[in-house]
Amino acid sequence: GQGAHIEDGPHLGTAAPDAAGHPGHDGKNRGESSQRHARSRMKTALVLVDLQNAFCRPDGSYARRGFQIPGVDRVIAACAHALEESRTRGWDVIFTRLVFRPDYSDGGLLVADQPQIRALSAYRAGGADCRIIGELAPQPGDLVIDKQRYDPFVNTSLEADLRSRGI
């Protein structure tokens, strides 16, 4: 799996910034300079995917279905550190979580192919399974995106939300 990683942002070279604080141009590679300039205007966000009770707690539906996530406590600790650092830096914070309507009418093949999901009332909207774990609880201004597939970009607003925020 991948751990949390925080970078300071794009490295803009050695040319002095202009009066507005934009990176300077050294006259050597106009294309590279304009690409760096565009990147310097982009914002950064932390996207935390599926850090909800269902996957992160021993009584969550994922564990009750017989699955384990080895090292989940280390992952949570790393995400908590990344979240704290992101908030300090003023980055946007976005959470995604797997959530289905109570009747699973939005579950598609994911629920049809895994009958235990319905049998355990897993990932049901409004239930404890769907709550982001307490140590990473969203704060006002954070974005929480509900999804019905494992991929957070499928049939969600995630891409549009990132673009609209300049990320």
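Predicted model: local features only at pLDDT ≥ 70, side-chain atom pairs only at ≥ 80, totals over all residues.
So, the chain has 7 helices and 3 strands; helices here are DSSP runs of H or I with at least four residues, strands are E runs of at least two, and the numbering starts at the N terminus. Going along the sequence, you get α-β-α-α-α-β-α-α-β-α. Residues are numbered from 1 along each chain as its sequence is written, and side-chain values use heavy atoms, with hydrogens and water left out.

Two totals for the chain, then. Of the 167 residues, 31% are buried, and buried means under 20% relative accessible area, with exposed over 50% and partly exposed in between, using a 1.4 Å probe and protein chains only. Then contacts, which are heavy atoms within 4.5 Å: take those between residues at least 6 apart in sequence, and 67% of them join residues at least 24 apart.

Okay, the sheet. The 3 strands make an open sheet, ordered β1-β2-β3, with parallel pairing; two strands pair if DSSP finds at least two bridges between them. At the edges sit β1, residues 45–49, and β3, each pairing on one side only. On average, neighbouring strands in this sheet are turned by 20° against each other, direction ignored; for that, axes are lines fitted to C-alpha atoms, for helices over the stretch in contact, and angles run from 0 to 180 degrees between N-to-C directions.

β2 covers residues 92–98 and is joined to β3 by 5 bridges, the two running parallel. β1 and β2 are also parallel, over 5 bridges. If you want pairs to click on, Leu-46 has Val-93 in β2 as its bridge partner, and Arg-97 stands opposite Asp-146 in β3. How many of the 7 residues of β2 are buried? It's 6, so β2 is mostly covered.

Now a lysine to look at. Lys-147 lies in β3, which spans residues 143–147. Buried or exposed, that Lys-147? It counts as buried, because its relative accessibility is 0%. Not counting residues up to four places away in sequence, Lys-147 touches Val-49, Asp-50, Thr-96, Arg-97, Leu-98, Val-99, Pro-152 and Thr-156.

Next, an arginine. Arg-65 sits in the loop between α3 (61–64) and α4 (72–89). Arg-65 is buried but has no salt bridge, and the nearest side chain of opposite charge, Asp-129, is 7.9 Å away. The cut-off for a salt bridge is a side-chain nitrogen of Lys or Arg within 4 Å of a carboxyl oxygen of Asp or Glu; for charge, Lys and Arg count as positive and Asp and Glu as negative, leaving out His and the chain ends. Which side chain does Arg-65 make a polar contact with? That would be Tyr-123, at 3.0 Å. A polar contact is a pair of N or O atoms within 3.5 Å; within protein, one must be able to donate a hydrogen and the other to accept it, and residues adjacent in sequence count only if both atoms are side-chain atoms. Leaving aside neighbours within four places in sequence, the contacts of Arg-65 include Gln-114, Gln-116, Leu-120 and Tyr-150.

Stay with Tyr-123 for a moment. Tyr-123 is in the loop between α6 and β3, and it is buried, with a relative accessible area of 0%. Its phi is near 60°, a positive value in a residue other than glycine. Ser-121 sits in the loop between α6 (115–119) and β3, and phi of Ser-121 is near 55°, also positive. As background, most residues other than glycine have a negative phi. At 33% relative accessibility, Ser-121 counts as partly exposed.

Last stop, Phe-55, in helix α2, residues 53–56. Phe-55 counts as buried because its relative accessibility is 12%. Beyond residues up to four places away in sequence, Phe-55 touches Asp-50, Tyr-62, Ile-69, Val-72, Leu-98 and Tyr-123. And Ile-132, 77 residues from Phe-55 in sequence, is 9.8 Å away in space, C-alpha to C-alpha.
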